Every structure is written in structure tokens, then in C-alpha cells.
Amino acid sequence: MIIGKVAGSVVSTRKCENLVGNKFMVVEPLPGMKRSGAVVAIDMIGAGIGEYVLVAEGSAARVGCGMEHAPVDAAIVGILDDGQNLR
Amino acid sequence: MIIGKVAGSVVSTRKCENLVGNKFMVVEPLPGMKRSGAVVAIDMIGAGIGEYVLVAEGSAARVGCGMEHAPVDAAIVGILDDGQNLR
Amino acid sequence: MIIGKVAGSVVSTRKCENLVGNKFMVVEPLPGMKRSGAVVAIDMIGAGIGEYVLVAEGSAARVGCGMEHAPVDAAIVGILDDGQNLR
Amino acid sequence: MIIGKVAGSVVSTRKCENLVGNKFMVVEPLPGMKRSGAVVAIDMIGAGIGEYVLVAEGSAARVGCGMEHAPVDAAIVGILDDGQNLR
Amino acid sequence: MIIGKVAGSVVSTRKCENLVGNKFMVVEPLPGMKRSGAVVAIDMIGAGIGEYVLVAEGSAARVGCGMEHAPVDAAIVGILDDGQNLR
């Protein structure tokens, strides 16, 4: 997983049917993470803009979030507690 | 997923049988996305050149788009609504 | 998928049994693709050196090419038609 | 897999239900590894801060660690013995 | 797959049970490959230090090598024949 900050969201009206009802959040990885550019992730938790989150990528986002048959390759799977010394 | 702009398409007549009938779109990721180079993606939605789209990669493109047995590792799964402030 | 040019092939006599009979092609991604270095891909189509091809990576190469139980993570799944304006 | 050094951990109280009970370790890959930025990995072994570990990524972290239905894409699967000449 | 050179091995006594009995080889990708840093791969063939090998990554390493339930994301699946003009 990577740690990132929720930077915003995007709206897609014309999309695959099995994506209907999902929110697409734009997450910016923290500096020093294995990814250096933004990821668009489904939000499983109710994360708000500016919050630090854990993002799972690949089949984990799909199978691990009960969306086996949706074309999802990234998901917010946790919100980090406040007050941690993130690097 | 990543946000990208449809830059064009490519044609392949000699291809795996289970790819017949698909369109191969060349998608350029938006600056600042986790990928910085172009991806060739199957189009599930009917995206046009110049449109901003969501691209799912990996097994999500195959399993999530009902193409479990096709050698597809990227798919356009949504078209972004106009007028959004994309970065 | 990515677009690449077939640069050559490599020979491996000592290999996993379920790889026997496959050709290992070295494919150089086109400049501007999401990958900038060479990939070794199984050839499903009969591509020749110098041809431009589509390469699928990850489980797509294995499951999508009827090689579910072979340790293959990249496959040439299409040959691009001549005369296209590739970038 | 990659070799990395456990740099710390992060706490997430609001997370996917099937992640409850796991520890999220921040692992910094050794210089020269295929990844150059930090990975957040589930700890399957009991690794401590400062220890050198093997991290498996992708579906291996989920399926190979008996967490098939959890959104996990990286796991610490081994602790390296002391006194090895790591590069 | 990628072509790499076996640079050494690492030992992990405390590891996931389903990894017991495997050798962890450190493989350096050839210059110009899609990966530029080292990968730790399970050895399925009996490769020696200094040999040039094919490494499969992702689920291919696990499913394609009969280790479906082990947390393995990279495997040496072939040894290249001597005398090839590798780049």
C-alpha cells in the first residue's frame, strides 16, 4: 500500500455499469513513497479532501473490497489517524 | 486508475483471436499522474480523441470488463465529465 | 498494453517445463510509452524482428493467452498494421 | 520480492473491516532495488524497526499470506538473517 | 520477463512457512531492461551466480511455478544459453 493525501475527486457520468455508485478520489502519494504521481482510487471508507489515507493497488483493490467484477485497480482502504509523524 | 487524454488509436489486423472486435486507443496520462508515458487501452465506453478518460490497468481491465480470457491489461472504463478542474 | 518494436530474441534451453516451445522475444517500447526499457515477451502471433507489436503484461499475458499455468508475464498479442503514424 | 529496512509503522483506526488486526509497516527499499520509494506492508512475521526484510508485492501478498479477501498489496514475508553483505 | 544477472543470494530463517525450502536470489536486470534495480527471485532452475536468467514477475511467478499459495512475486524461470549477444 502507499500513503497519500486526498487531493480531490473527479466525476464520470459515462462509465462502466459496474462502477456506478463509486466515488473516484485523486490521491497524491506522500513524498518518498514508491509512487510519485497521483492515483485515482475508489473510496471504501469515506475519506475527505486533505486526509491522509492508505491506498491498495492492483487486484487487492478489486478482490479485497468485494468488487471482484468491477474494473477497479486502486482503492482507499484506510484513513490514517491524526498526529502521526508521516514522512 | 489514471486520468488520461485519448491521443489516437492503432490498428492491428494480425492479433490474438480473443481481441477481435476491440479498439486499441492510445491514452496519454495527465501530467502528475503515476504514469508518465502512453498506455494502449481497450475502449469499453466509446471515447473519442481528445476526451479525458479513466483507465484501469492490470487484471481489473480484464476481469472487470467481462473479458476474463482476453490478453488485455488496460481499459478505458469512464469518460470524465466536461468542465472539471483537472490537474 | 504497450507498443514496441521487436529487437531480437533470446534462447533458454534450461527453463521451466511449461515454457518449452515458446519463443522469447526482446521488445523495445516505443519512445513515450509507459515503459522505457525492454521487455522479454512470449510471441503468440509470429512477429518478426523490426515489426511493431502490442505487448500485454501481467496476468493478461498468461490467462489471456491460454497459458494459465506457465510463468509468463508478457506476451506479444498483436502486430500493428503498416503505415500507421506511431509516435 | 524486494529487500527493505523497516522504518516505522502507521496507525489507521478507520479502515476496511478485513484489515482489522494487521500492522502496517513502512518499509524503505535498500538502495539499488527495483523500487526506490517506501512501501506500506502488512507484517506476517513480527519484524521490528531497523530490521532488513523481504517484501512481496501484488497478489502474492494477499493470496500467499492467507488473506485472499483483504485489500493488501504488500507483505513482509521474511526477515533477513544478520551479518549478510547486503547491497 | 526481464533478463538479469544473478548477483548473489540472501538468507532468511524467519519467514512465512510456505516459503521454506526456497532460495532467494538477487538478480540485477541487464542495462536497458524495463527494470533498473535488483529483484529478489525464487530460483526454479538451479541458476548460479553470474549466470544470465529470465525472471518472471507478478502472479506468473506464483501460479506459473506451482506455488499458488506462497507469497512469491518473482521467479527465475530460465537460464539463457551462453554466447548470445545480450544488450
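Lys15(A) stands opposite Gly78(B), which belongs to strand 6 of chain B. That pair sits where two strands meet: strand 2 of chain A, residues 14-15, pairs with strand 6 of chain B in the antiparallel sense, over two bridges. Strands here are DSSP runs of E with at least two residues, helices are runs of H or I with at least four, and both are numbered from the N terminus. Two strands count as paired if DSSP finds at least two bridges between them.

Before going on, a word on what we are looking at. This is a predicted model, in which local features need pLDDT of at least 70 and side-chain atom pairs count only at pLDDT 80 or more, while totals for chains, interfaces and linings use all residues. Residues are numbered from 1 along each chain as its sequence is written, chains are lettered from A and ligands numbered from 1 in the order in which they are written, and side-chain values use heavy atoms, with hydrogens and water left out.

Now the interface of chain B and chain A. The contact, meaning heavy atoms within 4.5 Å, takes 27 residues from chain B and 31 residues from chain A. Together the two chains bury about 2,100 Å², and 53% of that is on carbon and sulfur atoms. Buried area is the accessible area, with a 1.4 Å probe, that two parts lose on being put together, summed over both. On the side of chain B, the residues that lose the most area to chain A are Met1(B), Lys34(B) and Asp81(B), together 30% of what that side buries.

Which residues form salt bridges here? The rule finds two across this interface, and one of them joins the side chains of Glu51(B) and Arg14(A), at 2.8 Å from N to O. A salt bridge is a side-chain nitrogen of Lys or Arg within 4 Å of a carboxyl oxygen of Asp or Glu.

Which element of chain B gives the most to the side that touches chain A? Strand 5 of chain B does, with four residues. By class, that side has 16 nonpolar, six polar and five charged residues. Nonpolar covers Ala, Val, Leu, Ile, Met, Phe, Trp, Tyr, Cys and Pro; charged covers Asp, Glu, Lys and Arg; the others, Gly among them, are polar.

Next, how chain B and chain A are related. A rotation of 72° with 0.0 Å of shift along its axis superposes chain B on chain A, with an RMSD of 0.0 Å. The two copies are thus related as by a five-fold rotation axis. The copies use different surfaces, and 7% of the contact residues of chain B recur in chain A. The superposition is by least squares on the C-alpha atoms of residues with pLDDT of at least 70 in both copies.

Chain A also meets chain D. That contact takes 26 residues from chain A and 31 residues from chain D, and about 2,100 Å² is buried between them. There are two salt bridges; Lys34(A) forms one with Glu57(D), the closest N and O atoms being 3.0 Å apart. Strand 6 of chain A pairs with strand 2 of chain D, residues 14-15, in the antiparallel sense over two bridges. Within strand 2 of chain D, Arg14(D) stands opposite Ile79(A).

Last, the pairs without contact. Chain A and chain C do not touch, and their nearest C-alpha atoms are 10 Å apart. No contact joins chain C and chain D either, with closest C-alpha atoms 10 Å apart.
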